[in-house]
Protein chains: 2
Amino acid sequence: MPAVKPFKEMTKEELTKLVEQYKVEYKKVQDRGLELNMSRGKPCTEQLDLSMGMMDVLSSNSDLRCEDGTDCRNYGVLAGIPEAMELIGDMMEVPYDHIIIYGNSSLNIMYDTVSRSYSHGVMGSTPWCKLDKVKWICVVPGYDRHFAITQYFGIENICVPMTPTGPDMDMVEELVSHDESIKGIWCVPKYSNPTGNSYSDETVRRFARLKPAAKDFRIYWDNAYGMHHLYDHDQDHLLEILAECKRAGNPDLVYKFASTSKISFPGSGIAALATSLNNLEDIKQQLKIQTIGHDKVNQLRHVRFFGDIHGMVEHMRKHADILRPKFEAVEDILDRNLTGLGIASWTKPKGGYFISYDVMDGCAKKIVSRAAKAGVVLTPAGATYPGGKDPHDSNIRIAPSFPPLSDLKTAMEVVALCTKLVCAEKCLEELDKPAETVKTAKK
Amino acid sequence: MPAVKPFKEMTKEELTKLVEQYKVEYKKVQDRGLELNMSRGKPCTEQLDLSMGMMDVLSSNSDLRCEDGTDCRNYGVLAGIPEAMELIGDMMEVPYDHIIIYGNSSLNIMYDTVSRSYSHGVMGSTPWCKLDKVKWICVVPGYDRHFAITQYFGIENICVPMTPTGPDMDMVEELVSHDESIKGIWCVPKYSNPTGNSYSDETVRRFARLKPAAKDFRIYWDNAYGMHHLYDHDQDHLLEILAECKRAGNPDLVYKFASTSKISFPGSGIAALATSLNNLEDIKQQLKIQTIGHDKVNQLRHVRFFGDIHGMVEHMRKHADILRPKFEAVEDILDRNLTGLGIASWTKPKGGYFISYDVMDGCAKKIVSRAAKAGVVLTPAGATYPGGKDPHDSNIRIAPSFPPLSDLKTAMEVVALCTKLVCAEKCLEELDKPAETVKTAKK
């Protein structure tokens with residue numbers, strides 16, 4: 001291993017030597033013909049196997065009536081069967097009657113929620129399609145599919161930076177209280193995508209106390225990783241936002257989303273929305289036009305498999321046992337390879353599906369491209385910013401869940417190598433530039 | 001049984017006597033305290049039991065990869081797994097690559113299709129939300145949930161009457177070719193809801209040859225009952241509309257919808273849209289924003305259960321064996337009670353879920369209300385017209401599927417009795433009116 005010294009403090013000769021050395025190593029990696037994909041936050045096969053019992057809990061001998069006697073096989077039931085509402089209510093930490101259970105995708109619920117607001121407004125407000133301008137706050141780095149929804153509806157995405165305690169709340173408060181055209185904000189409050197950290201109690205309280213200029217402003221609270229801890233005791237705790245909003249006299253401020261996609265099966269889970277009774281009433285006016293009801297048999301299957309929230313918590317411990325070594329392996333490899341070089345930093349989440357990896361400004365795209373050419377597919381650089389445009393070209397989302405551990409380790413060694421190579425080249429390049437044009441590397 | 005003679009030809013005395021007699025009978029029925037519901041086209045328990053094998057075809061030992069190797073449990077696959085696309089393609093009589101498989105509800109697909117056109121337009125046209133006026137053709141009597149979707153989007157529903165060969169095509173052609181604000185038409189082309197008849201070949205060809213003034217006009221072809229024959233040989237045949245449109249040089253004119261809701265389970269089936277490749281491309285631009293993919297495990301479950309289209313056809317014969325006696329019982333009871341009285345007529349469908357029942361003008365609401373007070377819940381009178389407003393107050397939708405046969409027979413005797421009572425009262429009332437205000441009864 002080369003001596004640990006920040007690249008920025010190295011001489012041209014030292015860097016040149018390092019670049020040569022990394023290039024040799026990189027060539028060797030390329031010769032291995034790897035094919036490793038860590039581009040998306042997909043559960044791995046072992047995780048999916050944990051839920052195979054779901055295929056057995058209902059059989060042709062089962063009674064498919066739910067506890068209120070409804071035959072789950074037939075039409076009807078708009079908000080969900082009672083026992084599923086209780087389970088999902090417990091999962092979302094809200095009373096069972098404050099939720100609607102939908103189909104298999106919480107993303108679809110979010111899309112529908114924006115779409116309905118666009119075509120019909122929010123609780124009687126002017127439909128957004130009739131307004132000249134609609135804006136939205138995107139916490140960055142964040143989730144690309146969130147940003148894509150608002151972009152698709154022609155909404156202007158405004159970036160607010162993520163901090164270790166959540167979004168920059170000074171900025172959020174300032175924007176929301178003065179601009180009536182701002183109608184919402186995308187949040188992943190717990191084990192956030194991609195940073196992995198969670199909003200502090202203060203952040204949640206400041207959200208609950210927002211005084212938006214727009215009456216139809218809503219917080220889109222995508223609690224995708226509420227149950228997705230890596231450790232049994234060392235867990236982040238997130239204040240329950242609906243209760244906080246009620247206490248703050250802002251009961252209708254939040255739509256909360258969640259699903260069992262990364263608990264049971266990503267393609268075949270159940271997704272839900274939780275919000276105030278007023279908001280639910282408003283939403284059901286549309287929902288009853290849209291569908292006769294969602295898949296109740298699958299709701300019943302989930303209840304019969306998990307039993308109750310305790311069963312689900314126990315189940316999540318099994319997921320954690322599979323994911324924990326993967327997260328630790330990524331952190332370990334980055335630690336060993338990059339500590340002290342001053343070219344990268346990364347988060348160490350206690351849950352969720354991602355590690356956020358920040359490299360020297362202007363290097364992210366090149367690193368992702370180098371990795372791809374060595375057979376390691378990462379999430380495209382920039383994906384964590386609206387429109388795929390990271391102004392610093394410095395953030396990469398690491399998704400450790402899908403590859404087997406040994407592949408993951410190989411892939412991360414490649415990522416670390418590509419990082420060193422690209423950053424060394426960048427530092428070298430900057431040494432060659434006239435002094436005044438040298439930009440300081442981020443962090 | 002009273003002598004069979006049209007009520008209209010009866011004297012005041014004869015009618016008065018009949019009304020008295022019917023009232024006595026009606027009182028007796030009320031005393032029985034019936035509770036019978038035939039308000040919606042729901043499959044009965046026996047029909048649902050036919051598909052219980054679906055609960056066994058996947059188990060914890062099953063390989064849940066589909067034929068192209070995709071793990072159906074995980075994220076991904078926007079249009080459907082290959083084997084399900086083949087099965088549903090066969091069911092919809094279109095090539096497998098012309099479909100998208102969605103979730104459990106074709107109504108939801110139709111809603112989404114209107115919603116997308118409203119917010120984003122159709123293949124680049126002006127979004128309907130930016131237009132002053134959007135109109136739609138509703139074939140009446142028709143399906144209330146169709147009409148509710150367009151009404152919800154503020155679209156003006158224009159009625160065109162159903163005839164024994166399909167919608168009045170002279171009116172459809174005239175409207176569509178001259179009014180650019182008309183953007184669509186709701187059709188249930190086979191075993192139509194509620195009339196039960198099917199569009200003739202000429203009707204389908206005239207649809208395929210429409211020359212709409214609006215480029216973004218689409219035919220919403222809800223082939224909900226494509227497989228739902230009552231008889232093994234005596235079946236309606238519907239020309240395949242997408243192929244006809246292609247031949248007519250109008251390939252993009254139609255969105256075709258279907259589902260397995262009344263084949264497997266109404267709450268847990270799979271629904272699909274079939275259309276031209278151009279339309280599919282346009283739709284996928286939105287779909288990929290809306291979801292990561294629909295429930296592939298359920299798609300796999302359907303394929304493993306039905307095997308192929310032959311398996312599905314055989315399965316539908318079992319449904320027919322349950323439904324046929326019910327349809328025949330309804331027709332038999334109406335025949336026995338009402339033939340020759342000149343107060344009602346009804347359709348005799350060869351498939352589908354409904355019988356359309358036409359009574360004397362101004363009597364439908366009263367009959368439904370009378371039946372309800374005797375414990376028989378029917379579909380609300382008027383439900384088959386936009387806004388629930390039947391201008392003649394004469395159409396009632398009979399849904400024979402849900403009640404057990406013995407209950408159904410009881411219920412239909414009640415319906416027949418209420419019809420006689422209400423119509424006799426009506427005729428009596430009209431005899432008392434000055435001659436010039438007497439309206440002639442429909443049919």
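A: A salt bridge here is a side-chain nitrogen of Lys or Arg within 4 Å of a carboxyl oxygen of Asp or Glu. By that rule, A:Asp170, A:Glu173, A:Glu202 and A:Arg206 are linked in a network. Do keep in mind that this is a predicted model, with pLDDT of at least 70 needed for local features and 80 or more for side-chain atom pairs, while totals for chains, interfaces and linings use all residues. Residues count from 1 along each chain as its sequence is written, chains are lettered from A and ligands numbered from 1 in the order written, and side-chain values use heavy atoms, without hydrogens or water.

Let's begin inside that network. A:Glu173 and A:Arg206 form a salt bridge at 2.8 Å, N to O. A:Glu173 sits in helix H6 (residues 169-178) of chain A and A:Arg206 in helix H7 (residues 201-208) of chain A, so the pair ties together parts 33 residues apart in sequence. Helices (H or I, at least four residues) and strands (E, at least two) are DSSP runs numbered from the N terminus. A:Glu173 is partly exposed at 27% relative accessibility, and A:Arg206 is partly exposed too, at 22%. The scale calls a residue buried under 20% relative accessible area, exposed over 50% and partly exposed in between (1.4 Å probe, protein chains only).

A nonpolar core is a set of buried Ala, Val, Leu, Ile, Met, Phe, Trp, Tyr and Cys residues joined through side-chain atoms within 4.5 Å. The largest one has 123 residues, of which A:Phe207, A:Ile219 and A:Trp221 touch the most other members. Leaving aside residues up to four places away in sequence, A:Ile219 touches A:Ile185, A:Cys187, A:Phe207, A:Leu210, A:Leu253, A:Val254 and A:Tyr255.

Now over to chain B. The whole structure holds 58 salt bridges over all chains, and one of them joins B:Asp432 to B:Lys12 at 3.1 Å, N to O. This pair links distant parts of the chain, 420 residues apart, with B:Asp432 in helix H13 and B:Lys12 in helix H1 of chain B. B:Lys12 is partly exposed, with a relative accessible area of 41%.

Helix H1 itself deserves a visit. The buried residues of H1(B) are B:Leu15, B:Leu18, B:Val19, B:Tyr22, B:Tyr26 and B:Val29. Viewed down the axis of H1(B), they fall within an arc of 105°, so they line one face of the helix; the arc is taken over directions from the helix axis to the C-beta atoms. Their cover includes helix H12 (364-373) and helix H13 (405-432) of chain B, with contact meaning heavy atoms within 4.5 Å. On the other side of H1(B), B:Glu13, B:Lys17, B:Lys28 and B:Asp31 are exposed. Just after H1(B), B:Gly33 takes a positive phi of about 60°.

B:Asp234 is partly exposed at 42% relative accessibility, as is B:Lys350 at 29%.
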